[in-house]
Amino acid sequence: MEVKKISTLKGDLFTTELDDRLQDIVNRATVATGFPVALISVVIQRTTFYRAFVGLDKDLVKLRSTDTCATFCQYVVKNKKPLSIVDAKKEPALPQQLINLYGIRAYHGVPLDVDGEVIASLCVVDSKPNDLAAERKTALHELGKEASLRLQEITRKSAKAWPILEEVKYGKEKDVWNEIVLARDEMRVALAGLYPVTKYVSELSKGEGQGHPVVGAIQEATGCYDDLKQAMLRMDNLLLRLKKEMKS
């Protein structure tokens, strides 16, 4: 993933708490288009994270994400332009997993950008073939602009919690410091992508007997994720402390 895009993917984008303003946008998207499902999806390497949603299947609500390779949103983000699919079954080149599991047939998505980088999509979905009239496509684009602005606000909030380090002048240490920060951001994006995996396997383990070896492995994986998250938080605190000491 590009350095600039990594720096755009701030931590608050991946919180499990729903954002009222993003939720309002997806609710209005269903009204404006007549489609039953609307999503704001942040695409991070292997994982597509549902930042806001309405009408989503209960299994996907639990996971709050899916594999990027299975989504249509990946094309919106990768190509940085809208995507309209009237009937997915007539598009064999598209990923078939969500079509087969959840009956997705129609999809219309628009790109969402932060600091000039397309990182997400606002889309509407239907379980039957469905097109959008011109005025409804326009309405979806306008809602996409609102969603981009809100995502921008969320990333700026994260930036205040984690100050923009390029503003600090450290002389010869600055380049090394920025490399450390980039490495930390790469770890944070990877950690965010790991979250839905541990969430999924945890859900799977609930119906199994506690003595089953697979369940033990799942619980161990979930524990490792929690340990990694705590280590990441400790590293954040140490880096902030180091920053203060270098400035003094």
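Reader: What should I know about the model before I start?

Author: This is a predicted model, in which local features need pLDDT of at least 70 and side-chain atom pairs count only at pLDDT 80 or more, while totals for chains, interfaces and linings use all residues. Residues are numbered from 1 along each chain as its sequence is written, and side-chain values use heavy atoms, with hydrogens and water left out.

Reader: Which residues of helix 2 are buried, and why do they line one face of the helix?

Author: An α-helix has 3.6 residues a turn, so residues three or four places apart point the same way. Helices here are DSSP runs of H or I with at least four residues, and strands are runs of E with at least two, numbered from the N terminus. In helix 2, the buried residues (under 20% relative accessible area, with exposed meaning over 50% and partly exposed in between, for a 1.4 Å probe and protein chains only) are Leu22, Gln23, Ile25, Val26, Ala29, Thr30 and Thr33. Seen down the axis of helix 2, these buried residues fall within an arc of 155 degrees (taken from the directions from the helix axis to the C-beta atoms), so they line one face. The face turned away from that buried side carries the exposed residues Asp20 and Val31.

Reader: What follows helix 2?

Author: Gly34 comes after helix 2, and its phi is positive, near 80 degrees.

Reader: How is a pair of aromatic rings described, and how many such pairs does the structure hold?

Author: A pair is described by the distance of the centres and the angle of the planes. Rings of Phe, Tyr and Trp (its six-membered ring) pair if their centres lie within 6.5 Å, and planes under 30 degrees apart count as stacked, over 60 as edge-to-face and the rest as tilted. The structure holds 1 aromatic pair. The ring centres of Phe72 and Tyr107 are 5.5 Å apart and the planes stand at 90 degrees, so the pair is edge-to-face. It links distant parts of the chain, with Phe72 in the loop between strand 3 and helix 4 and Tyr107 in strand 5, 35 residues apart.

Reader: Which residues touch the most other members of the largest nonpolar core?

Author: A nonpolar core is a set of buried Ala, Val, Leu, Ile, Met, Phe, Trp, Tyr and Cys residues joined through side-chain atoms within 4.5 Å. Among the 24 residues of the largest one, Ile40 and Leu122 touch the most other members. Its largest share, 5 residues, comes from helix 6. A second, separate core of 22 residues includes Leu39, Ala70, Cys73 and Leu98.
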